[in-house]
Amino acid sequence: MRAVRRRRSSRDPQGTDARTRILDAAEALFAERGYDATSTARIARQAGVPKGLVFHYFPQKIDVLVALVDERTAVEELPEDAVEALPGDPAGTLSRLARRFPLRASPAMRRILFREAGTHRSVGERLGRLNGEVFRRARRALELALPGARGDQARLEVAAATFAAVLIYQENLAQLSGQHVDPDAVAELIAHALGA
């Protein structure tokens, strides 16, 4: 008679697998404490797994951060002709753009992106792609909204860069100032500055 050896399940009672629990724990801890202030032991403890299992899935702690960025953030890229504009209405055009913000990430992942972008290359690259995409959309939308460019190209680029910065950093600005940053009000301000 052969003894049957049972494999220990890496799933918790709710059916969540260990890798997902590790990423969930890391996301919460990195958002709250920062990457450098979070140990792998703390991630394992919060995930309810042995520390060795963290290293089984992620050989180095940086691999946890890279997996979070790769799997839990997405920058939606649109073709140039997919940018929508309301001719003659740059404020309405920018407001519409704000509602179609191209970053898909939880609030915790957004905090991680902004906190870690300056010190971790993969995070900085993702944030750079986001900034580039928002800027490109804002510039194209303003060009379409202001046919004949009632402002020169340099002014449209400054306006697009300003709007992109406000959209991307609005949560951080709100945390710093204690005030909600209203993208529609910023759109109105930019339209006024462009003379529209």
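What pLDDT does the protein chain average? This is a predicted model, so colour it by confidence to begin: the chain averages a pLDDT of 85, and 90% of the residues score at least 70. Now select residues 1–9. Here the pLDDT is below 50, and beyond near neighbours in sequence the stretch has 1 contact in the model. Where pLDDT is low, the predicted coordinates should not be read in detail.

Next, pick residues 39–58. UniProt, in an unreviewed entry, labels this span "DNA-binding region". The span is 75% helix and 0% strand, and its end C-alpha atoms sit 13 Å apart.

Move on to helix α4 (residues 61–72) and show it together with helix α6 (residues 107–116). Their axes come within 11 Å and cross at roughly 125°, which makes α4 oblique to α6. The crossing is left-handed. Sorted by class, that's 6 nonpolar, no polar and 1 charged.

Last stop: helix α5 (residues 90–99) and helix α7 (residues 121–145). Their axes come within 9 Å and cross at roughly 150°, so the two helices are roughly antiparallel to each other. This time the crossing is right-handed. Which residues meet here? From α5, select Pro90, Thr93, Leu94 and Leu97; from α7, select Arg137, Ala138, Ala141, Leu142 and Ala145. By class, this contact has 7 nonpolar, 1 polar and 1 charged residues.

Key: Residues numbered from 1 in each chain as written. Predicted model: local features only at pLDDT ≥ 70, side-chain atom pairs only at ≥ 80, totals over all residues. Heavy atoms only, no water. UniProt positions renumbered as here; feature names shortened; annotations may be inferred. Helix = DSSP H or I, 4+ residues; strand = E, 2+ residues; numbered from the N terminus. Axes fitted to C-alpha atoms, helices over the stretch in contact; angles between N-to-C directions. Parallel < 35°, antiparallel > 145°, perpendicular 65-115°, else oblique. Left-handed = near helix turned anticlockwise from the far one by under 90°. Contact = heavy atoms within 4.5 Å. Nonpolar A, V, L, I, M, F, W, Y, C, P; charged D, E, K, R; others polar. pLDDT = per-residue confidence, 0-100.
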